[in-house]
Structures are given as C-alpha cells and as structure tokens.
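Subject: Structure for your review

Hello,

Here is the structure I said I would pass on. My notes on what was found in it follow below.

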Amino acid sequence: MAPPAQSQRSPSPSQPSGKSEVSDLKTQLRQLAGSRAQGVDDSKRELFKKVISYMTIGIDVSSLFGEMVMCSATSDIVLKKMCYLYVGNYAKVNPDLALLTINFLQRDCKDMDPMIRGLALRSLCSLRVPNLVEYLMGPLGSGLEDNNSYVRTVATIGVLKLYHISASTCVDTDFPATLKHLMLNDPDTQVVANCLSALQEIWSAEARTSEEASREREALISKPVIYYFLNRIKEFSEWGQCLVLELVGKYVPSDGNEIFDIMNLLEDRLHHANSAVVLATIKVFLQSTLSMTDVHQQVYERIKSPLLTLVSSGSPEQSYAVLSHLHLLVMRAPYVFSSDYKHFYCQYNEPSYVKKLKLEMLTAVANENNTYEIVTELCEYAANVDIPIARESIRAVGKIALQQYDVNAIVDRLLQFLEMEKDYVTAEALVLVKDLLRKYPQWSHDCIAVVGNISSKNVQEPKAKAALIWMLGEYSQDMQDAPYILESLVENWDEEHSAEVRLHLLTAVMKCFFKRPPETQKALGAALAAGLADFHQDVHDRALFYYRLLQYNVSVAEQVVNPPKQAVSVFADTQSSEIKDRIFDEFNSLSVVYQKPSYMFTDKEHRGPFEFSDELGSLSVGAESADNMVPVPRVEANDKDLLLSTSEKEETRGVSNNDTVYNAPSYDGSSPATAALQMQSLVISNPAVPGHTHQASLAIDDLLGLGVPAITSAPAPSPPTLKLNPKATLDPGTFQQKWRKLHIALSQEYALSPQGAAMLTTPQALLRHMQGDSIHCIASGGQSPNFKFFFFAQKVEEASNFLVECKINTSSGKVQMNIKADDQSTSQAFSALSQSALSKFGM
C-alpha cells in the first residue's frame with residue numbers, strides 16, 4: 001500500500017519564508033508597475049495583501065515605498081485603499097519618502113470618481129508631515145467646495161487635521177470661516193456634523209489666545225444656531241445627534257417656556273434605539289431643569305421607562321453602560337424608582353459586574369413597602385456559586401437593615417447567615433451584626449446568643465475577626481466565656497498578622513476588664529505587654545496610651561475606653577457629596593461608568609472642557625477633606641428637596657451629633673474601685689512615665705486638636721500691613737507640590753453678601769474681582785449654587801506664597817476658606833485681606 005501523499009501547504013502570507021521575501025516582493029511589484037496586461041490588478045491585489053500583512057505584524061517593508069507608489073496608478077479602488085493605508089503608515093516615520101506620494105495623491109484628488117477623490121484627500125491630510133503643509137491647501141479648498149458630499153465630509157475633517165499640523169496656517173487661510181458657512185448651509189447632515197465637531201475643537205483651542213475665537217465659540221451656543229440644529233436633528237446619524245445634543249446641553253435657555261420647547265423637540269429622541277442618543281437626550285433634560293425642582297422630578301419619572309428598556313436589551317456591555325447611568329440616578333432619587341425594584345433583580349446568566357450594580361440599586365430603593373420582597377430575593381443570592389456576589393448580597397441585606405425602622409425579619413435573616421456552614425457567609429454576617437448592634441443595641445440579647453456559639457478559630461478574615469472581638473469586649477457581661485476567649489486570642493498574639501485585629505483585641509480586653517476584672521486581669525497584663533512590644537506603631541501607641549491611662553486613674557480610663565454610648569443614627573458614606581455631584585455633572589461620560597470624576601483618571605491634556613476647572617481637583621479629596629466628610633442622609637418619600645444636589649441636602653439638614661457612637665445595654669459591672677484593686681496586681685514591665693505638668697497637658701490637648709487656647713502673658717502685637725504682588729505667577733505643578741507639603745495655617749468661615757451671592761453665577765465673575773486685590777486663581781469649578789476655587793498670592797518683598805482653597809455656597813451665603821502659607825506668621829494678615837476682598841464682591 002502506497003504511503004499517503006504529504007499535503008502541500010502554502011506558506012501563510014503573514015509568515016515570510018525567509019529573509020529574501022521582501023526582496024522578492026519588491027521585484028514582483030516592479031515587474032507589475034508598468035504592466036497593462038489583463039488580470040494584472042488581481043496580481044497586484046495579492047502582492048498588496050502580503051505587504052499589508054507584513055506591515056501589520058511589524059515587519060519593516062518601507063523599502064517597497066517606491067514600488068507601491070508606482071503600482072498605485074490604477075482605477076481599482078481596493079488597490080487604492082491598500083496603497084493609501086501603506087503610505088499613511090510610513091509617511092510620518094519617513095518624511096522623505098512621503099514626498100514621493102504627493103504627486104499621485106494630488107492627481108487622485110482630481111479624479112472623476114468621488115470615492116477616489118475622498119480617499120486621496122483623506123490620505124493626503126493623514127500624512128501629518130509639517131513640511132508638506134503647503135501641498136494640502138489646494139486640495140482642501142477644492143474638497144470643501146466639491147459637489148459630492150463624501151468629499152466635503154472628508155475635507156471638513158481634513159481641516160481639523162491641518163490645524164493640528166499647523167494651527168497658524170489653518171487660521172490664516174480662513175478655513176474655520178468656510179467650515180462655519182458649510183455648517184449653516186450644507187444640505188448634507190454628515191458634513192454639518194463634521195463641521196460642528198471641527199469648529200468646536202479649533203475654536204476651543206484658539207479661544208485661549210484669541211478673543212475673536214472666543215466670541216465664535218460662544219456664538220455656537222446662541223439661540224439661532226441651537227434651534228437650527230434642533231430642527232434638523234432627525235436628519236443626523238446617531239453620532240451626529242449625540243454631537244448636537246452635547247451642544248444643546250451647553251445652551252442656557254432664557255426662561256421656562258424655552259426649556260419646555262427644547263424638551264418637546266427632543267421628546268421622541270428618548271425612544272431612539274441607540275443608547276448613546278437616549279443618554280445624551282436625558283442629560284439635556286436633567287441639566288436644563290436643575291433650577292425647576294418640580295419639573296426636574298417629572299423628568300426623572302419620564303426618563304425612567306426608556307432607561308429600564310435599554311437595560312433589558314442589547315449586550316451585557318451595553319446594558320452595563322446604561323445601568324451605570326441608571327445607578328447614578330437611583331442613588332440621587334431612590335424613591336422615584338422604588339416601585340420598579342423588580343427590574344433590578346439579578347438574572348442567572350448576567351455577568352458579575354452587572355449583578356453588583358443591581359445589588360447596589362436594590363439596596364438604595366428599599367423602603368417600608370418593598371423591603372420584605374427585596375430582602376427575600378437577596379437572601380437567595382447568598383447561596384450563589386459566585387462568592388463575590390454572595391458577599392455583596394449579604395452586605396446589601398445589612399445595609400437595608402441599617403436604613404429601615406422595622407428590622408425584625410431582617411435581623412432573623414442575618415442570624416441565619418451566621419448558622420450557615422460557609423466561612424465567607426459567616427465572615428460577612430459578623431461584620432453586619434456588629435454594625436447592626438451599633439445602631440440597634442436592643443437586639444443585643446438575640447444576636448449575642450448566636451454569636452456566642454461561633455468559635456474564633458473558625459473566623460480567619462481580619463474584618464470578621466475584628467467584629468467578633470468587638471462584640472466580645474462590648475457585651476462581655478452577657479457572654480460567659482468572653483474573658484477566656486479573649487485570653488486565648490492574646491496568647492496567640494504573635495500569630496495574628498492583622499494590625500486591625502490586634503487593635504480591636506487591645507480595646508476589647510480593656511472593656512472586658514472594666515466589666516469582669518478578676519477574670520480579665522491576666523489577659524489585660526499580657527495584652528498590654530504584647531502591645532508595647534508590637535512592631536506596628538499604631539498598636540504600640542494604643543497599648544502605651546492604655547497603660548498610662550490606667551496608671552493615672554482607673555476611673556478616668558473607664559470613662560475614656562468604655563463610656564455610656566448612644567446609638568449610631570447615620571453611617572458615613574464612602575464617597576463625598578462633592579464627588580457625587582461632580583459625577584452627575586459629567587453625565588453621559590466614562591465618569592459615570594468608573595464612578596469617579598474625569599480628573600481622577602485622565603491626564604490634564606485630555607480633560608477637554610473640564611481642563612481648567614479640574615486642574616487641581618484631586619486636592620479636594622485629600623486627607624484634609626476626608627476627615628471632614630459628612631454622612632449623606634437617605635432620601636425619603638416625603639422629601640421636598642428630592643432633586644437637590646447632595647451637598648445642598650447636607651447643608652439644609654445639618655450634621656447629626658451622634659453619628660459615631662452607639663447605645664450599650666445596662667450591666668452590673670464591677671465598680672471602678674474594684675477595678676483599681678485588680679489593677680494593682682497587673683504584672684507588666686513599667687515604662688517610664690514623665691510627670692504631668694500644666695504645660696504638658698495643654699500640649700497634649702493641642703496635639704489632639706481639642707482647641708484649648710494657649711496661655712499667653714501679653715496680647716500679641718498687631719501684624720504688619722501685608723502687600724501682595726499684583727503680577728505674581730505660579731505654575732500648577734508647583735502649586736500642587738506646595739499644597740501637599742504645607743499644613744493648613746487657617747481654616748475660617750465667612751458670610752458672603754447677598755449682592756455677591758447674586759452676582760456669582762459663574763466662576764469667572766469672582767476671578768476678575770479677586771485679581772484686583774492681587775489674589776490670583778489657578779483653578780476653579782462647579783456650578784450654581786456650589787463653587788470651588790484655588791487661589792494663590794505672593795508677597796511683594798519676598799517670594800513667599802499663600803495658597804487658598806475656597807468653597808462658596810451661594811444659596812446659604814457661606815464661604816469656607818483653608819489657607820496654607822510658606823510663612824505662617826502672616827497667615828492672619830492674609831486672611832483679613834482675603835475677607836476684605838470678598839466683602840467688597842458685588843458691591
């Protein structure tokens with residue numbers, strides 16, 4: 001029997017068989033360059049495909065440049081496209097070779113076929129070689145006046161490419177004026193859309209140095225232009241409609257009737273099949289009605305149905321993008337969506353990232369009418385094979401429990417989670433039970449009965465173990481074995497790698513000692529000794545603090561470590577209200593998907609319209625503002641301020657004074673005297689304790705920020721008159737470095753005059769006023785009523801800088817100012833000067 005014939009496999013075009021492959025291609029292309037034989041175009045196609053394939057995988061085929069150009073003398077559009085692709089790839093890298101393409105590209109720009117004219121013009125503008133700018137002018141001018149709309153479409157984008165190559169040439173040739181004429185008169189909407197896109201980019205860049213360009217940019221959002229686009233919006237493609245809607249969003253209607261006219265014109269866009277068009281329309285509706293609270297709420301009701309429809313259709317990626325925007329709206333106005341909670345139930349085949357968003361929305365929309373159904377659904381997810389989703393569902397149940405008044409059924413569900421034989425379920429449930437007891441201490445008896453059956457050896461996750469230890473310390477009088485469990489944990493101190501757990505263990509042993517001194521005496525001595533020897537600074541400092549506190553006075557120590565507590569009313573939000581409002585301002589952008597403002601994930605040069613206002617935006621979410629974060633109250637059904645910004649709500653509602661403490665049940669603990677007797681027999685190495693003086697006490701008070709005034713023998717002399725440099729300069733990079741390095745010298749709150757509040761409609765109004773007092777703005781942002789500014793100033797006689805963070809709320813007339821200075825001794829004088837300047841604003 002003959003052996004099977006070996007299959008003849010031709011080499012793949014993307015895998016050259018040897019080093020001479022490119023040379024062979026060069027020879028074959030040269031042979032075909034001048035040939036007019038029948039079928040020569042088919043042969044050229046095969047060779048061109050090989051060249052493009054090699055180029056795509058990174059093989060250098062620039063040596064074929066001349067031959068490729070010679071072979072482009074054909075009427076075959078496919079060959080033209082491949083040749084243009086090749087030329088555009090190598091022209092920028094090899095400008096000298098690009099000169100070879102000018103003649104044939106200019107010739108093709110005059111071809112009879114409009115497709116070839118458009119392709120040639122696009123390739124000519126894509127060369128991006130500054131030395132060849134002069135060759136673009138003629139073809140571009142002809143393209144803008146071409147009878148074919150495709151050529152004009154390409155030419156409009158070509159003008160933008162020319163601007164990026166040589167801005168002065170583009171402006172001097174008056175191409176922007178030609179684009180403006182085409183935008184307002186061309187019958188083809190794709191040409192109009194391209195003109196709008198190009199003009200926005202050109203005039204935005206030119207407006208920084210040219211007043212004329214600034215006026216032209218403002219003219220784009222004038223009433224005649226906006227209504228011209230609105231009346232033609234149905235003719236545009238989806239991309240063009242999004243571009244028009246973005247422009248309409250920047251327009252400020254003169255009155256309420258105009259707002260209704262715009263919304264009536266755009267009503268049918270809410271039913272568009274393209275999600276980008278729907279989201280762009282929703283942004284216009286939301287932004288234009290911000291000042292009309294009742295209408296704004298009706299807008300929420302109106303946009304709800306289109307968004308829910310888009311979420312249930314399309315790919316998971318598209319659904320996630322729409323769901324992210326719906327998530328933002330749900331968090332701002334949960335009551336509007338409370339009746340549609342079933343739309344947020346998770347489907348078994350949905351990706352995890354979609355399920356996670358839905359769980360957050362289910363948590364937000366829960367109220368007294370739907371809590372039972374939502375919690376029942378969430379409990380089903382706790383047994384999900386996807387462990388992260390199971391964890392999220394348990395957390396969601398806990399969050400609902402913390403925001404509801406009737407939590408009987410929810411507490412039972414959480415306690416059932418503790419009895420499940422799954423480590424991650426038990427861990428999440430322990431953390432939630434701890435928070436639940438902080439808000440509802442009356443449930444301690446039921447919860448502790450179940451928690452007492454959990455062995456600490458079976459809890460490995462640090463947060464869960466810390467929660468268990470907290471409960472052992474807080475409710476040790478109700479848990480018979482609490483001192484002995486804590487003692488065993490102290491004995492294994494060195495095996496505990498989490499500093500968080502060791503910190504909780506120190507505090508829990510202290511609390512247990514005050515309630516059951518005889519049983520906890522040994523454990524407390526061992527815990528303090530281990531804490532003082534701990535390598536982690538926080539653990540060491542807390543152990544030293546507890547030891548010295550006990551040594552000073554046991555009764556005082558009990559008042560500090562285990563005082564009477566009130567129930568927590570509101571838990572702090574993880575994201576500041578300023579960040580949330582900023583994300584809402586950037587609706588229909590990646591900011592909503594990432595759940596963070598654009599300045600947090602973009603470079604300065606790519607921030608577009610937010611470049612100036614966000615230049616120093618990251619400074620506002622630093623350590624200083626994090627400490628002052630205000631909990632965000634949940635919106636209830638009867639809220640009249642449903643659609644106010646988050647920061648406005650916080651100002652009107654005020655801050656609860658008991659949001660970080662909780663109620664502990666009464667107990668029959670040992671008296672401080674008994675605890676003091678037990679303290680005498682503690683066996684621990686005694687570190688040296690310095691004597692207490694009045695001055696040392698004041699120093700400690702000042703260190704802890706208790707605000708105790710320093711004792712002075714005589715009043716301080718009045719500061720000298722401060723003179724500022726009217727021509728001070730400071731680049732943003734230096735400002736950021738100094739801001740992070742310097743400490744706040746003064747933090748004060750002023751009142752803005754009613755005239756000033758009325759005048760502050762845009763940040764620019766205040767910038768010009770402050771500059772008159774030699775206080776310069778380096779970044780600003782926000783919209784009425786919340787504005788934020790970063791100012792700087794310099795002394796006349798020396799290079800000493802003052803840096804200022806200024807937050808203004810025009811509705812309340814409050815001005816909050818944080819001042820940092822190179823020379824802090826002059827901070828008070830600068831503060832007085834700033835306050836004087838602000839008081840004159842609007843007068």
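A residue is called buried when its relative accessible area is under 20%, and exposed when that area is over 50%, with partly exposed in between.

Confidence

The mean pLDDT of the protein is 79, with 83% of the residues at 70 or more. Over residues 609-677 the pLDDT falls below 50, although this stretch has 163 contacts in the model beyond near neighbours in sequence. Residues 683-720 also have a pLDDT below 50, and there the corresponding count is 23 contacts. Where pLDDT is low, the predicted coordinates should not be read in detail.

Overall

The protein contains 40 helices and five strands. Of its 843 residues, 50% count as buried. The accessible surface comes to about 41,900 Å², and carbon and sulfur atoms account for 52% of it. Taking contacts between residues at least 6 apart in sequence, 67% of them join residues at least 24 apart.

Helices

Helix H29 covers residues 537-552.

Helix H18, residues 316-332, passes the same kind of check: 17 residues should span 24 Å at 1.5 Å a residue, and the end C-alpha atoms are 24 Å apart, which agrees. In H18, 12 of the 17 residues are buried, so this helix is largely enclosed by the rest of the structure. The buried set consists of Ser319, Tyr320, Val322, Leu323, Ser324, His325, Leu326, His327, Leu328, Leu329, Val330 and Arg332.

Val244 sits in helix H14 (residues 238-250) and, at 1% relative accessibility, counts as buried. Leaving aside residues up to four places away in sequence, Val244 touches Leu196, Phe229, Ile233 and Phe236. The C-alpha atoms of Val244 and Arg232 are 9.7 Å apart, for a separation of 12 residues in sequence.

Thr281 belongs to helix H16 (residues 275-288). Its relative accessibility is 0%, so Thr281 counts as buried. With residues up to four places away in sequence again left out, Thr281 touches Leu245, Leu266, Arg269 and Leu270.

The sheet

The five strands form an open sheet, in the order S1-S5-S4-S3-S2, with antiparallel pairing. Strand S1 (746-751) and strand S2 (776-783) are the edge strands, each pairing on one side only. On average, neighbouring strands of the sheet are turned by 15 degrees against each other, direction ignored. Helix H37 (residues 732-741) packs on this sheet and touches S2, strand S3 (786-794), strand S4 (801-809) and S5. The direction of H37 makes about 85 degrees with that of S4.

S1 and strand S5 (residues 814-821) run antiparallel and are joined by six bridges. Within that pairing, Glu749 has Gln816 of S5 as its bridge partner.

Loops

Where does Ala799 lie? Ala799 is in the loop between S3 and S4. Its relative accessible area is 75%, which is over 50%, so Ala799 is exposed. In sequence Ala799 is 74 residues from Asn725, while in space the two are 9.5 Å apart, C-alpha to C-alpha.

Most residues other than glycine have a negative phi. Asn588, which is not a glycine, has a positive phi of about 65 degrees. Asn588 is found in the loop between helix H31 (577-585) and helix H32 (590-594), and is partly exposed, with a relative accessible area of 32%.

Ser774 also has a positive phi, near 65 degrees. Ser774 lies in the loop between helix H39 (763-771) and S2. Is Ser774 buried or exposed? At 10% relative accessibility, Ser774 counts as buried.

Regards

Methods:
Residues numbered from 1 in each chain as written. Predicted model: local features only at pLDDT ≥ 70, side-chain atom pairs only at ≥ 80, totals over all residues. Heavy atoms only, no water. pLDDT = per-residue confidence, 0-100. Contact = heavy atoms within 4.5 Å. Helix = DSSP H or I, 4+ residues; strand = E, 2+ residues; numbered from the N terminus. Expected span 1.5 Å × (residues − 1). Buried < 20%, exposed > 50% of the residue type's maximum accessible area, 1.4 Å probe, protein only. Pairing = 2+ DSSP bridges. Axes fitted to C-alpha atoms, helices over the stretch in contact; angles between N-to-C directions. Areas by Shrake-Rupley, 256 points an atom, 1.4 Å probe, with all protein chains shown as cover.
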